Amino acid sequence: MTFLAVIARGLLRRPVRTGLTLVGISIGIAAVVALVGMSRGFVSSWTAGMKSRGTDIVVHSMRTSLAPRPFPAAAQGRIAHLPGVAATCGILVELMSVENSEMMIVSGREWGGFSWGNLKVLSGRMPTDAAERAVVLGKTAADVMGKKVGNKLQMETEELTVVGIADGGALVENGSVILSMSLLQEIMGNQGQINAIDVRVTPGMDEAAIRRLCDEISRLIPEARGQVAGEHIRESQSYRMINAMSWGTSLLAVLVGVLGVMNTMLMTVFERKQEICILLALGWKRSRIIRMILWESAMLGFFGGIVGVALGVAGVNVMKNTPAIRGLLEPELSVGLMITSVLIAVAVGVVSGLYPAWRSSRLTPSLALQG
Amino acid sequence: MPETMNQPAPAAGPSAAACVFEAVDLKKSYDDGQVQALRGVSFRINEGEFVAVIGPSGCGKTTLLQMLGALDRPSSGALLYRGKSLPDLPEPATYRAREIGFVFQSFHLLPTFTAVENVQIPMFETDRSLPERRERADEMLKAVGLEKRANHFPSKLSGGERQRVAIARSLANGPSVLLADEPTGNLDSQNAGHVLELLSRLHREQKMTLILVTHDMGIARRASRAIQMKDGHIVFDGNPAELSLA
(Lines give C-alpha, C1' and ligand atoms only; values in the text may rest on other atoms or scores of the structure.)
Protein backbone atom coordinates (compact mmCIF):
# COMPACT_ATOMS: atom_id res chain seq x y z
CA MET A 1 0.00 0.00 0.00
CA THR A 2 1.45 3.33 -1.04
CA PHE A 3 1.08 6.68 0.73
CA LEU A 4 -1.00 7.79 -2.26
CA ALA A 5 -3.39 4.91 -1.59
CA VAL A 6 -3.72 6.08 2.02
CA ILE A 7 -4.61 9.55 0.75
CA ALA A 8 -7.10 8.27 -1.81
CA ARG A 9 -8.73 6.05 0.82
CA GLY A 10 -9.11 9.12 3.06
CA LEU A 11 -10.99 10.94 0.32
CA LEU A 12 -13.19 7.97 -0.54
CA ARG A 13 -14.41 7.39 2.99
CA ARG A 14 -17.01 10.13 2.45
CA PRO A 15 -17.70 9.93 -1.29
CA VAL A 16 -20.73 12.22 -1.32
CA ARG A 17 -18.97 14.98 0.56
CA THR A 18 -15.85 14.57 -1.56
CA GLY A 19 -18.02 14.70 -4.69
CA LEU A 20 -19.80 17.86 -3.59
CA THR A 21 -16.50 19.52 -2.76
CA LEU A 22 -15.21 18.57 -6.20
CA VAL A 23 -18.27 20.19 -7.75
CA GLY A 24 -17.58 23.37 -5.73
CA ILE A 25 -13.99 23.62 -6.96
CA SER A 26 -14.85 22.63 -10.48
CA ILE A 27 -17.43 25.41 -10.83
CA GLY A 28 -14.79 27.95 -9.86
CA ILE A 29 -12.29 26.48 -12.30
CA ALA A 30 -14.93 26.26 -15.04
CA ALA A 31 -15.48 30.00 -14.55
CA VAL A 32 -11.74 30.62 -14.95
CA VAL A 33 -11.58 28.57 -18.14
CA ALA A 34 -14.74 30.05 -19.64
CA LEU A 35 -14.27 33.72 -18.80
CA VAL A 36 -10.54 33.92 -19.37
CA GLY A 37 -10.84 31.78 -22.51
CA MET A 38 -13.49 34.14 -23.85
CA SER A 39 -11.52 37.29 -23.07
CA ARG A 40 -8.34 35.87 -24.60
CA GLY A 41 -10.39 34.67 -27.55
CA PHE A 42 -11.49 38.24 -28.12
CA VAL A 43 -7.88 39.24 -28.80
CA SER A 44 -6.95 36.20 -30.85
CA SER A 45 -10.11 36.41 -32.96
CA TRP A 46 -9.52 40.04 -33.86
CA THR A 47 -5.83 39.39 -34.48
CA ALA A 48 -6.75 36.54 -36.83
CA GLY A 49 -9.19 38.85 -38.59
CA MET A 50 -6.42 41.41 -39.13
CA LYS A 51 -4.07 38.75 -40.42
CA SER A 52 -6.62 37.45 -42.88
CA ARG A 53 -6.95 40.99 -44.28
CA GLY A 54 -3.17 41.20 -44.59
CA THR A 55 -2.97 44.07 -42.09
CA ASP A 56 0.36 44.51 -40.32
CA ILE A 57 -0.26 47.80 -38.50
CA VAL A 58 -3.49 49.31 -37.28
CA VAL A 59 -3.76 53.05 -36.83
CA HIS A 60 -6.53 53.68 -34.31
CA SER A 61 -7.72 55.94 -31.54
CA MET A 62 -8.97 53.17 -29.30
CA ARG A 63 -8.90 54.27 -25.70
CA THR A 64 -11.61 53.14 -23.32
CA SER A 65 -14.22 51.99 -25.83
CA LEU A 66 -14.35 48.60 -27.53
CA ALA A 67 -14.71 50.23 -30.97
CA PRO A 68 -12.09 52.86 -31.81
CA ARG A 69 -13.12 56.53 -31.81
CA PRO A 70 -13.38 58.37 -35.15
CA PHE A 71 -10.69 60.69 -36.45
CA PRO A 72 -10.38 62.60 -39.75
CA ALA A 73 -9.91 60.41 -42.82
CA ALA A 74 -7.33 62.92 -44.04
CA ALA A 75 -4.84 61.37 -41.62
CA GLN A 76 -4.52 58.47 -44.04
CA GLY A 77 -2.76 60.71 -46.56
CA ARG A 78 -0.11 61.69 -44.02
CA ILE A 79 1.24 58.17 -43.72
CA ALA A 80 0.64 56.64 -47.15
CA HIS A 81 3.97 57.96 -48.47
CA LEU A 82 6.10 56.74 -45.55
CA PRO A 83 8.94 54.37 -46.44
CA GLY A 84 7.88 50.84 -45.52
CA VAL A 85 4.17 51.47 -46.06
CA ALA A 86 3.06 49.29 -48.99
CA ALA A 87 -0.64 50.11 -48.79
CA THR A 88 -3.25 51.70 -46.56
CA CYS A 89 -6.99 51.21 -46.26
CA GLY A 90 -9.32 53.49 -44.31
CA ILE A 91 -11.80 51.70 -42.07
CA LEU A 92 -14.90 52.79 -40.17
CA VAL A 93 -15.91 49.96 -37.88
CA GLU A 94 -18.87 49.96 -35.52
CA LEU A 95 -20.22 47.44 -33.01
CA MET A 96 -23.95 47.90 -33.28
CA SER A 97 -27.32 46.24 -33.14
CA VAL A 98 -28.53 45.16 -36.56
CA GLU A 99 -32.10 43.96 -36.83
CA ASN A 100 -32.51 41.15 -34.30
CA SER A 101 -28.81 40.74 -33.62
CA GLU A 102 -27.82 42.56 -30.45
CA MET A 103 -24.25 43.17 -31.47
CA MET A 104 -22.74 42.93 -34.94
CA ILE A 105 -19.43 44.07 -36.31
CA VAL A 106 -20.21 46.51 -39.13
CA SER A 107 -17.10 47.13 -41.14
CA GLY A 108 -17.03 50.02 -43.63
CA ARG A 109 -13.98 49.68 -45.89
CA GLU A 110 -12.42 52.19 -48.24
CA TRP A 111 -13.63 51.27 -51.68
CA GLY A 112 -10.84 49.56 -53.62
CA GLY A 113 -8.67 49.15 -50.52
CA PHE A 114 -6.71 45.98 -49.82
CA SER A 115 -9.00 45.08 -46.91
CA TRP A 116 -11.56 43.81 -49.40
CA GLY A 117 -9.06 41.40 -50.89
CA ASN A 118 -9.46 38.55 -48.45
CA LEU A 119 -13.20 38.17 -49.03
CA LYS A 120 -14.03 35.09 -51.11
CA VAL A 121 -17.55 35.32 -52.45
CA LEU A 122 -19.51 32.18 -51.62
CA SER A 123 -22.73 33.35 -53.21
CA GLY A 124 -23.87 36.51 -54.98
CA ARG A 125 -21.31 39.17 -55.77
CA MET A 126 -19.35 42.14 -54.41
CA PRO A 127 -20.92 45.64 -54.54
CA THR A 128 -20.42 47.22 -57.95
CA ASP A 129 -19.18 50.53 -56.57
CA ALA A 130 -18.85 52.55 -53.34
CA ALA A 131 -22.23 54.17 -53.84
CA GLU A 132 -24.27 50.97 -54.23
CA ARG A 133 -26.58 50.63 -51.22
CA ALA A 134 -25.47 47.09 -50.59
CA VAL A 135 -23.69 44.95 -48.04
CA VAL A 136 -21.70 41.75 -48.14
CA LEU A 137 -22.25 39.45 -45.18
CA GLY A 138 -19.64 37.21 -43.69
CA LYS A 139 -20.93 33.62 -43.76
CA THR A 140 -21.50 33.45 -39.98
CA ALA A 141 -23.25 36.84 -39.95
CA ALA A 142 -25.56 35.64 -42.73
CA ASP A 143 -26.26 32.49 -40.75
CA VAL A 144 -26.89 34.35 -37.47
CA MET A 145 -29.26 36.84 -39.12
CA GLY A 146 -30.84 34.27 -41.43
CA LYS A 147 -30.07 36.31 -44.53
CA LYS A 148 -29.59 35.22 -48.10
CA VAL A 149 -28.44 37.03 -51.21
CA GLY A 150 -31.19 39.40 -52.31
CA ASN A 151 -32.63 39.90 -48.80
CA LYS A 152 -32.97 43.36 -47.32
CA LEU A 153 -31.04 44.41 -44.25
CA GLN A 154 -32.21 47.26 -42.03
CA MET A 155 -29.30 49.28 -40.67
CA GLU A 156 -30.29 52.33 -38.62
CA THR A 157 -32.84 54.05 -40.88
CA GLU A 158 -31.37 52.66 -44.08
CA GLU A 159 -32.52 49.53 -45.95
CA LEU A 160 -29.63 47.85 -47.73
CA THR A 161 -29.52 44.85 -50.03
CA VAL A 162 -27.47 41.77 -49.25
CA VAL A 163 -25.62 41.31 -52.54
CA GLY A 164 -23.14 38.68 -51.44
CA ILE A 165 -22.10 36.22 -48.77
CA ALA A 166 -18.37 35.80 -48.30
CA ASP A 167 -15.76 33.79 -46.47
CA GLY A 168 -13.27 36.20 -44.88
CA GLY A 169 -10.88 33.51 -43.66
CA ALA A 170 -11.29 34.37 -39.97
CA LEU A 171 -14.10 34.28 -37.44
CA VAL A 172 -14.36 38.05 -36.97
CA GLU A 173 -14.40 38.60 -40.72
CA ASN A 174 -17.08 35.96 -41.16
CA GLY A 175 -19.13 37.52 -38.39
CA SER A 176 -19.08 40.99 -39.98
CA VAL A 177 -21.42 43.05 -42.10
CA ILE A 178 -19.14 44.60 -44.74
CA LEU A 179 -19.92 47.60 -46.86
CA SER A 180 -18.19 50.54 -48.44
CA MET A 181 -16.75 53.04 -45.97
CA SER A 182 -18.44 56.02 -47.62
CA LEU A 183 -21.85 54.33 -47.32
CA LEU A 184 -21.35 53.60 -43.62
CA GLN A 185 -20.10 57.17 -43.04
CA GLU A 186 -23.32 58.40 -44.63
CA ILE A 187 -25.54 56.07 -42.59
CA MET A 188 -23.79 56.90 -39.32
CA GLY A 189 -23.50 60.61 -40.07
CA ASN A 190 -19.72 60.39 -39.82
CA GLN A 191 -18.73 61.90 -43.12
CA GLY A 192 -15.02 62.39 -43.47
CA GLN A 193 -14.36 60.30 -40.37
CA ILE A 194 -12.68 56.93 -39.98
CA ASN A 195 -11.64 55.08 -36.86
CA ALA A 196 -8.89 52.86 -38.17
CA ILE A 197 -6.37 52.64 -40.96
CA ASP A 198 -5.20 49.21 -41.97
CA VAL A 199 -1.54 49.43 -43.01
CA ARG A 200 0.28 46.79 -44.98
CA VAL A 201 4.06 47.06 -44.80
CA THR A 202 6.52 46.21 -47.53
CA PRO A 203 7.38 42.49 -47.63
CA GLY A 204 10.42 41.34 -45.64
CA MET A 205 10.23 44.07 -43.03
CA ASP A 206 11.39 42.82 -39.64
CA GLU A 207 9.58 43.35 -36.36
CA ALA A 208 11.90 46.09 -35.14
CA ALA A 209 11.40 48.05 -38.35
CA ILE A 210 7.61 47.60 -38.08
CA ARG A 211 7.72 48.99 -34.54
CA ARG A 212 9.80 51.95 -35.69
CA LEU A 213 7.21 52.56 -38.40
CA CYS A 214 4.45 52.45 -35.75
CA ASP A 215 6.30 55.13 -33.77
CA GLU A 216 6.67 57.25 -36.88
CA ILE A 217 2.95 56.90 -37.69
CA SER A 218 2.01 57.84 -34.12
CA ARG A 219 4.20 60.95 -34.43
CA LEU A 220 2.61 61.97 -37.71
CA ILE A 221 -0.98 61.34 -36.52
CA PRO A 222 -1.17 62.70 -32.97
CA GLU A 223 -4.94 62.03 -32.77
CA ALA A 224 -4.37 58.28 -33.31
CA ARG A 225 -1.75 55.67 -32.66
CA GLY A 226 0.00 53.09 -34.85
CA GLN A 227 0.31 49.63 -33.36
CA VAL A 228 1.15 46.14 -34.56
CA ALA A 229 -2.12 44.43 -35.50
CA GLY A 230 -3.55 42.55 -32.50
CA GLU A 231 -1.53 44.45 -29.95
CA HIS A 232 -3.94 47.35 -30.28
CA ILE A 233 -6.67 45.10 -28.85
CA ARG A 234 -4.48 43.46 -26.21
CA GLU A 235 -3.17 46.78 -24.94
CA SER A 236 -6.47 48.61 -25.03
CA GLN A 237 -7.97 49.73 -21.76
CA SER A 238 -11.24 48.00 -22.64
CA TYR A 239 -9.58 44.65 -23.11
CA ARG A 240 -7.62 45.06 -19.90
CA MET A 241 -10.85 45.83 -18.10
CA ILE A 242 -12.59 42.80 -19.61
CA ASN A 243 -9.62 40.63 -18.73
CA ALA A 244 -9.47 41.94 -15.18
CA MET A 245 -13.20 41.39 -14.77
CA SER A 246 -12.87 37.85 -16.11
CA TRP A 247 -10.13 37.03 -13.62
CA GLY A 248 -11.92 38.86 -10.82
CA THR A 249 -15.17 36.98 -11.38
CA SER A 250 -13.31 33.70 -11.76
CA LEU A 251 -11.29 34.21 -8.61
CA LEU A 252 -14.44 34.97 -6.65
CA ALA A 253 -15.79 31.62 -7.79
CA VAL A 254 -12.44 30.04 -6.87
CA LEU A 255 -12.66 31.63 -3.42
CA VAL A 256 -15.95 29.84 -2.89
CA GLY A 257 -14.09 26.65 -3.83
CA VAL A 258 -11.38 27.45 -1.25
CA LEU A 259 -13.98 27.75 1.49
CA GLY A 260 -15.59 24.50 0.36
CA VAL A 261 -12.34 22.55 0.48
CA MET A 262 -11.35 24.11 3.79
CA ASN A 263 -14.71 23.14 5.29
CA THR A 264 -14.39 19.60 3.99
CA MET A 265 -10.85 19.19 5.27
CA LEU A 266 -11.72 20.64 8.67
CA MET A 267 -14.62 18.21 8.90
CA THR A 268 -12.24 15.44 7.88
CA VAL A 269 -9.74 16.35 10.58
CA PHE A 270 -12.53 16.64 13.15
CA GLU A 271 -14.08 13.31 12.21
CA ARG A 272 -10.75 11.53 11.98
CA LYS A 273 -9.32 12.98 15.16
CA GLN A 274 -8.93 9.61 16.80
CA GLU A 275 -7.64 8.02 13.60
CA ILE A 276 -4.95 10.71 13.38
CA CYS A 277 -4.05 10.15 17.04
CA ILE A 278 -3.77 6.41 16.36
CA LEU A 279 -1.45 7.10 13.44
CA LEU A 280 0.66 9.31 15.73
CA ALA A 281 0.66 6.58 18.38
CA LEU A 282 1.76 4.06 15.77
CA GLY A 283 4.79 6.19 15.02
CA TRP A 284 3.70 8.49 12.21
CA LYS A 285 5.48 11.81 12.40
CA ARG A 286 3.44 15.00 12.56
CA SER A 287 5.00 16.03 9.28
CA ARG A 288 3.52 12.93 7.64
CA ILE A 289 0.07 13.74 9.05
CA ILE A 290 0.38 17.29 7.67
CA ARG A 291 1.46 15.90 4.30
CA MET A 292 -1.47 13.48 4.32
CA ILE A 293 -4.00 16.29 4.87
CA LEU A 294 -2.31 18.59 2.35
CA TRP A 295 -2.12 15.83 -0.26
CA GLU A 296 -5.79 15.02 0.27
CA SER A 297 -6.78 18.64 -0.25
CA ALA A 298 -4.38 18.98 -3.19
CA MET A 299 -5.94 15.88 -4.79
CA LEU A 300 -9.38 17.36 -4.26
CA GLY A 301 -8.09 20.46 -6.04
CA PHE A 302 -6.49 18.45 -8.84
CA PHE A 303 -9.57 16.41 -9.65
CA GLY A 304 -11.77 19.48 -9.16
CA GLY A 305 -9.49 21.23 -11.66
CA ILE A 306 -9.80 18.43 -14.22
CA VAL A 307 -13.59 18.37 -13.92
CA GLY A 308 -13.64 22.19 -13.94
CA VAL A 309 -11.64 22.38 -17.17
CA ALA A 310 -14.02 19.89 -18.78
CA LEU A 311 -17.03 21.88 -17.57
CA GLY A 312 -15.43 25.15 -18.71
CA VAL A 313 -14.72 23.80 -22.21
CA ALA A 314 -18.26 22.47 -22.48
CA GLY A 315 -19.69 25.76 -21.19
CA VAL A 316 -17.64 27.83 -23.63
CA ASN A 317 -18.77 25.66 -26.53
CA VAL A 318 -22.36 26.31 -25.54
CA MET A 319 -21.77 30.06 -25.05
CA LYS A 320 -19.91 30.66 -28.30
CA ASN A 321 -22.91 29.41 -30.24
CA THR A 322 -25.37 31.75 -28.53
CA PRO A 323 -26.68 34.46 -30.90
CA ALA A 324 -25.15 37.24 -28.78
CA ILE A 325 -21.60 35.91 -29.18
CA ARG A 326 -21.62 33.83 -32.33
CA GLY A 327 -19.34 35.31 -34.94
CA LEU A 328 -17.82 37.85 -32.56
CA LEU A 329 -15.12 35.70 -31.04
CA GLU A 330 -13.66 32.24 -30.91
CA PRO A 331 -12.74 31.39 -27.30
CA GLU A 332 -9.05 30.67 -26.84
CA LEU A 333 -8.89 27.44 -24.89
CA SER A 334 -5.17 26.88 -24.98
CA VAL A 335 -3.37 24.02 -23.27
CA GLY A 336 -1.58 26.70 -21.24
CA LEU A 337 -4.89 28.04 -19.90
CA MET A 338 -6.03 24.54 -18.99
CA ILE A 339 -2.76 23.72 -17.21
CA THR A 340 -2.90 27.07 -15.41
CA SER A 341 -6.48 26.35 -14.32
CA VAL A 342 -5.56 22.93 -12.94
CA LEU A 343 -2.54 24.45 -11.16
CA ILE A 344 -4.83 27.10 -9.65
CA ALA A 345 -7.13 24.30 -8.47
CA VAL A 346 -4.22 22.41 -6.90
CA ALA A 347 -3.03 25.62 -5.23
CA VAL A 348 -6.59 26.16 -3.98
CA GLY A 349 -6.50 22.66 -2.50
CA VAL A 350 -3.14 23.17 -0.81
CA VAL A 351 -4.03 26.61 0.57
CA SER A 352 -7.38 25.31 1.82
CA GLY A 353 -5.66 22.40 3.52
CA LEU A 354 -3.11 24.49 5.43
CA TYR A 355 -5.30 25.35 8.40
CA PRO A 356 -6.83 21.85 8.74
CA ALA A 357 -3.34 20.37 8.45
CA TRP A 358 -2.09 22.68 11.18
CA ARG A 359 -5.07 21.67 13.34
CA SER A 360 -4.30 18.01 12.77
CA SER A 361 -0.69 18.52 13.78
CA ARG A 362 -1.82 19.91 17.14
CA LEU A 363 -3.56 16.69 18.14
CA THR A 364 -1.94 14.71 20.95
CA PRO A 365 -1.36 11.00 20.34
CA SER A 366 -2.48 10.11 23.88
CA LEU A 367 -6.09 10.54 22.66
CA ALA A 368 -5.60 7.19 20.93
CA LEU A 369 -5.75 5.45 24.30
CA GLN A 370 -9.05 7.12 25.18
CA GLY A 371 -12.03 5.08 24.03
CA MET B 1 4.43 -4.02 51.22
CA PRO B 2 4.65 -0.23 51.51
CA GLU B 3 1.71 1.85 50.27
CA THR B 4 3.91 3.88 47.98
CA MET B 5 7.22 3.07 46.38
CA ASN B 6 9.28 6.16 45.81
CA GLN B 7 12.52 4.38 45.17
CA PRO B 8 13.22 2.23 42.12
CA ALA B 9 12.21 -1.34 42.83
CA PRO B 10 14.73 -4.11 42.27
CA ALA B 11 14.28 -5.83 38.96
CA ALA B 12 12.19 -8.95 39.17
CA GLY B 13 13.81 -10.55 36.13
CA PRO B 14 17.29 -12.00 35.81
CA SER B 15 19.82 -9.61 37.28
CA ALA B 16 21.95 -9.72 34.14
CA ALA B 17 19.11 -8.41 31.93
CA ALA B 18 19.39 -4.86 30.69
CA CYS B 19 17.08 -2.23 32.13
CA VAL B 20 14.56 -1.13 29.52
CA PHE B 21 12.54 1.40 31.54
CA GLU B 22 13.46 3.18 34.72
CA ALA B 23 11.04 5.59 36.39
CA VAL B 24 12.00 7.72 39.36
CA ASP B 25 9.36 9.67 41.28
CA LEU B 26 7.26 10.02 38.14
CA LYS B 27 4.33 12.41 38.47
CA LYS B 28 1.64 13.48 36.06
CA SER B 29 -1.08 15.98 36.76
CA TYR B 30 -3.79 17.55 34.61
CA ASP B 31 -5.86 20.73 34.84
CA ASP B 32 -3.16 22.78 36.56
CA GLY B 33 -2.51 20.13 39.16
CA GLN B 34 -6.14 19.60 40.14
CA VAL B 35 -6.09 16.03 38.83
CA GLN B 36 -3.07 13.97 39.83
CA ALA B 37 -2.92 10.81 37.75
CA LEU B 38 0.56 9.71 38.88
CA ARG B 39 1.78 10.75 42.32
CA GLY B 40 5.44 9.79 42.20
CA VAL B 41 5.97 6.27 40.95
CA SER B 42 9.32 4.53 40.63
CA PHE B 43 10.22 1.21 39.07
CA ARG B 44 12.60 -0.59 36.74
CA ILE B 45 11.55 -2.92 33.98
CA ASN B 46 14.15 -5.20 32.49
CA GLU B 47 14.54 -6.67 29.04
CA GLY B 48 12.23 -9.60 28.36
CA GLU B 49 9.92 -9.12 31.32
CA PHE B 50 6.15 -9.67 31.11
CA VAL B 51 4.75 -7.03 33.44
CA ALA B 52 1.07 -6.67 34.21
CA VAL B 53 0.02 -3.24 35.44
CA ILE B 54 -3.17 -3.77 37.40
CA GLY B 55 -5.57 -1.54 39.24
CA PRO B 56 -9.07 -0.11 39.18
CA SER B 57 -10.26 2.52 36.72
CA GLY B 58 -8.67 5.91 37.30
CA CYS B 59 -5.69 4.54 39.25
CA GLY B 60 -3.21 5.91 36.68
CA LYS B 61 -2.28 2.76 34.81
CA THR B 62 -3.24 4.10 31.36
CA THR B 63 -1.41 7.36 32.13
CA LEU B 64 1.65 5.29 32.97
CA LEU B 65 1.33 3.48 29.64
CA GLN B 66 1.11 6.85 27.85
CA MET B 67 4.37 7.92 29.50
CA LEU B 68 6.10 4.67 28.54
CA GLY B 69 4.86 5.06 24.95
CA ALA B 70 5.97 8.70 24.78
CA LEU B 71 2.40 9.66 23.99
CA ASP B 72 2.49 12.20 26.79
CA ARG B 73 5.11 13.86 28.98
CA PRO B 74 5.40 13.53 32.76
CA SER B 75 4.90 16.62 34.91
CA SER B 76 7.99 15.78 36.93
CA GLY B 77 10.33 12.95 37.75
CA ALA B 78 12.60 10.93 35.52
CA LEU B 79 11.66 8.31 32.96
CA LEU B 80 14.46 6.56 31.13
CA TYR B 81 14.35 4.19 28.17
CA ARG B 82 17.57 2.21 27.93
CA GLY B 83 19.28 4.98 29.86
CA LYS B 84 17.91 7.85 27.77
CA SER B 85 15.35 10.33 29.06
CA LEU B 86 12.07 9.58 27.28
CA PRO B 87 10.57 13.09 27.63
CA ASP B 88 13.70 14.56 26.08
CA LEU B 89 13.77 12.33 23.00
CA PRO B 90 14.28 14.59 19.97
CA GLU B 91 11.83 12.59 17.88
CA PRO B 92 9.26 10.65 19.96
CA ALA B 93 7.55 9.45 16.76
CA THR B 94 10.68 7.54 15.76
CA TYR B 95 10.78 5.93 19.21
CA ARG B 96 7.12 4.93 18.88
CA ALA B 97 7.64 3.63 15.36
CA ARG B 98 10.77 1.57 15.97
CA GLU B 99 11.08 0.70 19.63
CA ILE B 100 7.56 -0.06 20.80
CA GLY B 101 4.35 -1.66 19.62
CA PHE B 102 0.92 -0.59 20.85
CA VAL B 103 -2.12 -2.80 21.33
CA PHE B 104 -5.29 -0.91 22.24
CA GLN B 105 -8.41 -2.07 24.05
CA SER B 106 -10.66 -0.95 21.16
CA PHE B 107 -8.29 -2.42 18.54
CA HIS B 108 -8.23 0.93 16.70
CA LEU B 109 -7.93 -0.60 13.26
CA LEU B 110 -8.52 1.90 10.48
CA PRO B 111 -11.89 0.94 8.97
CA THR B 112 -11.08 1.88 5.37
CA PHE B 113 -8.04 -0.39 5.20
CA THR B 114 -7.91 -4.16 4.94
CA ALA B 115 -6.18 -6.28 7.58
CA VAL B 116 -2.93 -6.44 5.62
CA GLU B 117 -3.04 -2.70 4.93
CA ASN B 118 -3.60 -1.94 8.61
CA VAL B 119 -0.51 -3.94 9.45
CA GLN B 120 1.49 -1.91 6.95
CA ILE B 121 0.53 1.44 8.52
CA PRO B 122 3.40 1.65 11.09
CA MET B 123 5.94 0.68 8.41
CA PHE B 124 5.54 3.98 6.54
CA GLU B 125 8.08 5.50 8.91
CA THR B 126 10.71 2.89 8.06
CA ASP B 127 13.01 2.43 5.10
CA ARG B 128 11.15 -0.67 3.91
CA SER B 129 10.14 -0.70 0.27
CA LEU B 130 6.56 -1.33 -0.84
CA PRO B 131 7.09 -5.09 -1.51
CA GLU B 132 9.02 -5.44 1.75
CA ARG B 133 6.15 -3.82 3.66
CA ARG B 134 3.65 -6.16 2.05
CA GLU B 135 5.82 -9.20 2.71
CA ARG B 136 6.37 -8.22 6.34
CA ALA B 137 2.62 -7.61 6.84
CA ASP B 138 1.82 -11.04 5.41
CA GLU B 139 4.43 -12.55 7.71
CA MET B 140 2.93 -10.82 10.77
CA LEU B 141 -0.61 -11.90 9.86
CA LYS B 142 0.65 -15.45 9.51
CA ALA B 143 2.24 -15.17 12.96
CA VAL B 144 -1.18 -14.36 14.44
CA GLY B 145 -2.94 -17.00 12.31
CA LEU B 146 -4.85 -14.61 10.07
CA GLU B 147 -3.10 -15.06 6.74
CA LYS B 148 -6.40 -16.10 5.14
CA ARG B 149 -8.15 -12.95 6.34
CA ALA B 150 -5.50 -10.56 5.00
CA ASN B 151 -7.77 -8.84 2.50
CA HIS B 152 -10.77 -8.47 4.78
CA PHE B 153 -11.84 -5.10 6.10
CA PRO B 154 -12.13 -4.78 9.91
CA SER B 155 -15.93 -4.71 9.67
CA LYS B 156 -15.79 -8.27 8.30
CA LEU B 157 -13.63 -9.59 11.15
CA SER B 158 -14.70 -10.82 14.59
CA GLY B 159 -13.54 -8.99 17.72
CA GLY B 160 -10.85 -11.57 18.38
CA GLU B 161 -9.63 -11.39 14.79
CA ARG B 162 -9.48 -7.60 14.94
CA GLN B 163 -7.35 -7.71 18.06
CA ARG B 164 -5.05 -10.25 16.41
CA VAL B 165 -4.68 -7.91 13.43
CA ALA B 166 -3.90 -5.11 15.90
CA ILE B 167 -1.25 -7.33 17.50
CA ALA B 168 0.21 -8.09 14.08
CA ARG B 169 0.28 -4.34 13.41
CA SER B 170 2.05 -3.67 16.72
CA LEU B 171 4.76 -6.17 15.74
CA ALA B 172 5.25 -4.82 12.23
CA ASN B 173 8.45 -2.90 12.93
CA GLY B 174 9.92 -5.58 15.22
CA PRO B 175 9.69 -3.60 18.47
CA SER B 176 11.56 -4.67 21.57
CA VAL B 177 8.69 -3.55 23.81
CA LEU B 178 4.98 -4.26 23.46
CA LEU B 179 2.56 -2.00 25.34
CA ALA B 180 -0.95 -3.41 25.61
CA ASP B 181 -3.81 -1.42 27.08
CA GLU B 182 -6.59 -3.77 28.25
CA PRO B 183 -6.11 -5.90 25.12
CA THR B 184 -8.90 -8.29 26.08
CA GLY B 185 -11.26 -5.66 27.46
CA ASN B 186 -13.63 -5.81 24.49
CA LEU B 187 -13.49 -9.57 23.92
CA ASP B 188 -15.51 -12.52 25.11
CA SER B 189 -13.72 -14.99 27.38
CA GLN B 190 -12.88 -17.44 24.59
CA ASN B 191 -11.35 -14.76 22.33
CA ALA B 192 -9.70 -13.12 25.34
CA GLY B 193 -8.02 -16.45 26.09
CA HIS B 194 -6.77 -16.76 22.52
CA VAL B 195 -5.38 -13.22 22.48
CA LEU B 196 -3.62 -13.70 25.84
CA GLU B 197 -2.17 -16.97 24.63
CA LEU B 198 -0.93 -15.22 21.50
CA LEU B 199 0.66 -12.38 23.48
CA SER B 200 2.32 -14.85 25.85
CA ARG B 201 3.64 -16.90 22.95
CA LEU B 202 4.99 -13.83 21.13
CA HIS B 203 6.61 -12.66 24.35
CA ARG B 204 8.31 -16.04 24.79
CA GLU B 205 9.32 -16.58 21.18
CA GLN B 206 10.42 -13.04 20.33
CA LYS B 207 11.87 -12.35 23.78
CA MET B 208 10.25 -8.96 23.84
CA THR B 209 9.33 -6.93 26.90
CA LEU B 210 5.56 -7.03 27.37
CA ILE B 211 3.78 -4.47 29.53
CA LEU B 212 0.11 -5.19 29.79
CA VAL B 213 -2.43 -2.94 31.49
CA THR B 214 -5.45 -4.74 32.91
CA HIS B 215 -7.94 -4.59 35.72
CA ASP B 216 -8.42 -8.36 35.58
CA MET B 217 -6.56 -10.21 38.36
CA GLY B 218 -6.69 -13.48 36.39
CA ILE B 219 -4.87 -11.91 33.45
CA ALA B 220 -2.31 -10.26 35.70
CA ARG B 221 -1.42 -13.65 37.20
CA ARG B 222 -0.24 -14.85 33.78
CA ALA B 223 2.54 -12.23 33.83
CA SER B 224 5.99 -12.76 35.33
CA ARG B 225 5.58 -9.62 37.39
CA ALA B 226 2.69 -7.45 38.53
CA ILE B 227 2.63 -3.77 39.34
CA GLN B 228 -0.52 -2.85 41.21
CA MET B 229 -1.62 0.77 41.24
CA LYS B 230 -4.08 2.71 43.33
CA ASP B 231 -4.78 6.47 43.25
CA GLY B 232 -1.65 7.22 41.27
CA HIS B 233 0.67 5.21 43.51
CA ILE B 234 2.28 1.80 43.07
CA VAL B 235 0.98 -0.31 45.94
CA PHE B 236 2.46 -3.64 44.89
CA ASP B 237 5.36 -4.67 42.70
CA GLY B 238 6.30 -8.30 42.64
CA ASN B 239 5.21 -11.83 41.95
CA PRO B 240 1.65 -11.91 40.58
CA ALA B 241 0.93 -14.97 42.69
CA GLU B 242 1.12 -12.70 45.73
CA LEU B 243 -1.34 -10.17 44.34
CA SER B 244 -4.21 -11.31 46.49
CA LEU B 245 -2.12 -10.45 49.55
CA ALA B 246 -1.75 -6.83 48.51
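**Helix packing, core and a loop residue**

Tutor: In chain A, the axes of helix α11 (residues 286–319) and helix α12 (residues 335–361) come within 7 Å and cross at roughly 150°. Axes are lines fitted to C-alpha atoms, for helices over the stretch in contact, with angles from 0 to 180 degrees between N-to-C directions. Helices are DSSP runs (H or I, at least four residues), as strands are (E, at least two), numbered from the N terminus.

Student: How is α11(A) oriented relative to α12(A)?

Tutor: That angle makes α11(A) roughly antiparallel to α12(A), a term for angles over 145 degrees.

Student: What kind of model is this?

Tutor: The model is predicted; local features need pLDDT of at least 70 and side-chain atom pairs count only at pLDDT 80 or more, while totals for chains, interfaces and linings use all residues. Residues are numbered from 1 along each chain as its sequence is written, and chains are lettered from A and ligands numbered from 1 in the order in which they are written.

Student: Which residues have the most contacts inside the largest nonpolar core?

Tutor: They are A:Val33, A:Val59 and A:Val135, in a core of 180 residues. Such a core is a set of buried Ala, Val, Leu, Ile, Met, Phe, Trp, Tyr and Cys residues joined through C-beta atoms within 7 Å. Buried means that 20 or more other C-beta atoms, placed from the backbone, lie within 10 Å of a residue's own; exposed means 12 or fewer, and partly exposed is in between.

Student: Which helix gives the most to this core?

Tutor: Helix α2 (residues 15–53) of chain A does, with 17 residues.

Student: Where is B:Arg221?

Tutor: B:Arg221 lies in the loop between α7 (217–220) and β9 (225–230) of chain B. B:Arg221 counts as partly exposed because it has 16 C-beta neighbours inside 10 Å.

Notes: Parallel < 35°, antiparallel > 145°, perpendicular 65-115°, else oblique.
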